[in-house]
Amino acid sequence: RYIASAGSLMLDSRRAVACSANFEKVRRYVKRLCTRLLPRTEGTASEELRLLSAITPKGMVFYRGTVEALADRYVVFRDDYGAVSRLLLELIRAEALARGYHIITCPCAMHPEDQIDHLFIPALRLAFLTDNHWHPIHIPGVQAVRCTRFLDRENLAGFRARLRFNERAAAELLDQAVALMAQAKSCHDELETYYRTAVDFAQVDAAAAQCMELFGVG
């Protein structure tokens, strides 16, 4: 419930900022960017989904090692609210598929159904990443793009108080969610110390082998 409530506040901020976004300017920028970075191929477009960040008992986790394993070039969209980066990544995704690339799409851990946070094109060793309060990107040699360049700052000023409130409240809710998850993990670990000594692992291995044989795995 805490995570869902934080997600609702973050969604409200994203929609508020979207009212100040110049979407036509975003589209023109993506066209130029993809023309420069994504040459057309004769390949068959394909897509796989992965999560690159998560809310865990240890707090917000971002798998930087995965980024560095999959890419050598990084375009980082600095966007605290996700309104502009969401559109940027949706358009880049569409362009990459249209140009015949296999891509790895990483949805937002808070809103996986409708927001992309990161995108990889393995054939080009290229990554498009979103940097914000929840998963800051600290990788040297990135090409940084400040998403405020696509916003009407005068119009955005009218939402400042609302955005600040949402940000503080969401952070407190997530802190509480992390604390509860850590407490649950501690309880689980204590229970495991009791039942682990009573497990017959030979029977577990035998059952696993039977399942593998049943499904033709091995």
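## Helix α1 against helix α6

Axes here are lines fitted to C-alpha atoms, for helices over the stretch in contact, and angles run from 0 to 180 degrees between N-to-C directions. The model is predicted. In it, helix α1 covers residues 2–18 and helix α6 covers residues 160–195. Their axes come within 8 Å and cross at roughly 155°. Angles over 145 degrees count as roughly antiparallel, so α1 is roughly antiparallel to α6. The crossing of these two helices is left-handed.

On the α1 side, the contact is made by Tyr2, Ile3, Ser5, Ala6, Leu9, Met10, Asp12, Ser13, Ala16 and Val17. On the α6 side, the contributors include Leu163, Ala170, Leu173, Leu174, Leu180 and Met181. Arg162, Asn166 and Gln176 of α6 also take part. By class, the contact residues of α1 and α6 divide into 15 nonpolar, four polar and two charged.

## The sheet

Six strands form an open sheet with mixed pairing. Their order is β1-β5-β6-β7-β4-β8. The edge strands are β1 and β8 (143–146), each pairing on one side only. From one strand to the next, the twist averages 20°.

Strand β5 (residues 102–107) is mostly covered, with five of its six residues buried. Strand β1 (residues 46–49) runs parallel to β5, and four bridges join them. In this pairing, Leu49 stands opposite Thr105 in β5. Strand β6 (residues 116–121) pairs with β5 in the antiparallel sense, over four bridges. Here Pro107 faces Ile116 in β6 as its opposite residue. Further along, β4 (residues 73–78) and β7 are parallel partners over six bridges. Val75 stands opposite Phe128 in β7.

The crossing of α2 and α4 is right-handed. From α2, the contact draws on Phe23, Val26, Arg27, Tyr29, Val30, Lys31, Leu33 and Cys34. From α4, it draws on Val84, Leu87, Leu88, Leu91, Ile92 and Glu95. The residues in this contact divide into 11 nonpolar, no polar and three charged.

## Two loop residues

Which residues does His111 touch, leaving aside its neighbours within four places in sequence? His111 is found in the loop between β5 and β6. Its contacts beyond those neighbours are Gly7, Met10, Leu11 and Arg14. One of these, Met10, belongs to the α1 side of the contact with α6. His111 counts as buried because its relative accessibility is 8%, and the cut-off for buried is under 20%.

Arg125 lies in the loop between β6 and β7 (126–131). Most residues other than glycine have a negative phi. The phi of Arg125 is near 50°, a positive value in a residue other than glycine. Is Arg125 buried or partly exposed? Its relative accessibility is 31%, so Arg125 counts as partly exposed.

Conventions. Residues numbered from 1 in each chain as written. Predicted model: local features only at pLDDT ≥ 70, side-chain atom pairs only at ≥ 80, totals over all residues. Heavy atoms only, no water. Parallel < 35°, antiparallel > 145°, perpendicular 65-115°, else oblique. Left-handed = near helix turned anticlockwise from the far one by under 90°. Contact = heavy atoms within 4.5 Å. Nonpolar A, V, L, I, M, F, W, Y, C, P; charged D, E, K, R; others polar. Buried < 20%, exposed > 50% of the residue type's maximum accessible area, 1.4 Å probe, protein only. Pairing = 2+ DSSP bridges.
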